[in-house]
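Here is a short briefing on one protein model. Look at the structure first, then work through the points by topic.

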Amino acid sequence: MIKNPASLYVHIPFCKSKCPYCAFVSKKDSKENILNYPDLIKREFELREIGFASGALSIYFGGGTPLILPPESLNDLIGFIIEKASGPKTSEISIESLPSLITDEKCEILAGNGINRVTLGMQSFNDGVLRDIGRFSEIKYFETAVETLLKHGIKNIGVDLIIGLPDDGYNAFVDSVIKLASSKIKHISAYFLKIEEGTEFESKMRSGDIRLPSDGRTCRMYSKLGKILFNAGFNRYEISNFAIPGFHSVHNTLTWDYRPYIGLGVSAVSFDGELRYNNPVSLEEYEVGILSRKPVLCSVEKIEKEIRVNERIMLGLRTSRGLDLSVLKDMEGIDLLKHRGTEVQSFIKKGWLKITGDHLILKTKGILWLDTILQNLFFDKKFHKFL
Ligand code: SF4
């Protein structure tokens, strides 16, 4: 179905509790469902006749909270996937975790199966903020988690942060970034809080029960974060992603490069460069599909050329390497400088963009203007002749 997939994603949709901002398909579930789940993933892998000739370039276990699986199931699932999907070309095998779930026993399983990258979902290092989102206890486990991972030889450790959580103060945020920058962490992802439909935060926003920091404050936080991390040796290789040289995420980079991928599990998405295949978001529906050996892909979306081009522009400009204009031309037949030359030149004059070789690159000064830049470079219906 998907020719030459570059990466494999495995979704484990269970969590200890639901975070109020989270729109991922994840929930607290019964022990029975959690125990049965690895077998469903293994069956899906076989049913879809997935094959990676020389191994997936990247394998990623995400969620949800993958380490919520009991040790035996975790070992069984990871072992199966790695045996089937890894090979000489596999350079990165990642898993997400809460710091509190990192134990010697789990690390032995991770390291023993070749997992070489772990992302710790912290979101904030501010006690008050974490208490409000129900994750207070994670801070006290953070340092122990890092030491335990290092003890087991897993050096590629990342942290996820959210900028703009309710009541997050500028000074407390800066203090925590300073501490993080001097820790043994190699990668930091920092995304702005987005209030998603159907989340607890969305209803609290409507009823006025939460107070978010102003846009001005979150922009200052982002800008300070970039400066602190830069001084500590991190490179900003994508707008929201910072890494010590040599520790960038292979998995994310393949997605930004628009490479085909396979997703396994509830709500997982697969992409062949033109079609997106969606697995059911309900565990029940997914399970029924797998057990009856019927295709579990509940919908297929054709990604029209107009959308593909816009996604490539957006993803490319977010990276520090920039948008590869020759790839856009070769893959989609679009000469951006011919069709949007005036707009590109005006952004270059403002100091927001630059061209280096074949790449159109967003400069630091242009980061906060990215929406304006994209609105002017994107194609819409009135530019059909352009396509
Ligand atoms: S732990 Fe992660 S996936 Fe689970 S509810 Fe919280 S944010 Fe969502």
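Arg 276 lies over the face of Phe 271, at 4.7 Å from the ring centre. A charge counts as over a ring if NZ of Lys or CZ of Arg is within 6 Å of the ring centre and within 35 degrees of the ring normal. This is a predicted model: local features need pLDDT of at least 70, side-chain atom pairs count only at pLDDT 80 or more, and totals for chains, interfaces and linings use all residues. Residues are numbered from 1 along each chain as its sequence is written, and side-chain values use heavy atoms, with hydrogens and water left out.

**Overall build**

- The protein holds 15 helices and 15 strands. These are DSSP runs, numbered from the N terminus: helices are H or I with at least four residues, strands are E with at least two.
- The radius of gyration is 21 Å, which agrees with the value near 21 Å for a compact globule of 387 residues. The radius is taken over C-alpha atoms, and the globule rule is 2.2 Å times the number of residues to the power 0.38.
- Along its principal axes, the C-alpha trace spans about 60 × 50 × 45 Å.
- Buried residues make up 51% of the 387 residues. Buried means under 20% relative accessible area, exposed over 50%, and partly exposed in between (1.4 Å probe, protein chains only).

**Domains**

- The domain assignment gives domain 1 (7–256) and domain 2 (305–386). Such bounds come from an automatic or database domain assignment.
- The C-alpha centres of domain 1 and domain 2 lie 30 Å apart.
- Their contact takes 11 residues from domain 1 and 10 residues from domain 2. Contact means heavy atoms within 4.5 Å.

**Nonpolar cores**

- The largest nonpolar core has 101 residues; among those touching the most other members are Leu 8, Phe 61 and Leu 225. A nonpolar core is a set of buried Ala, Val, Leu, Ile, Met, Phe, Trp, Tyr and Cys residues joined through side-chain atoms within 4.5 Å.
- Helix α2 (residues 71–85) gives the most to this core, with 7 residues.
- Domain 1 (7–256) and domain 2 (305–386) both give residues to this core, so the core lies between them.
- A second, separate core of 8 residues includes Ala 243, Tyr 258, Phe 271 and Ile 303.

**Aromatic pairs**

- There are 12 aromatic pairs in the structure. Rings of Phe, Tyr and Trp (its six-membered ring) pair if their centres lie within 6.5 Å; planes under 30 degrees apart count as stacked, over 60 as edge-to-face and the rest as tilted.
- Tyr 9 and Tyr 60 are stacked, because their ring centres are 5.9 Å apart and their planes at 25°.
- Tyr 9 lies in strand β1 (residues 7–12) and Tyr 60 in strand β2 (residues 58–63), so the pair ties together parts 51 residues apart in sequence.
- Tyr 60 is buried, with a relative accessible area of 9%.
- Tyr 237 and Trp 256 form a tilted pair, with 5.7 Å centre to centre and 55° between the planes.

**A closer look at Ile 361**

- Ile 361 sits in strand β15 (residues 359–362).
- Ile 361 is buried, with a relative accessible area of 11%.
- Leaving aside neighbours within four places in sequence, Ile 361 is in contact with residues including Ser 320, Gly 322 and Trp 352.
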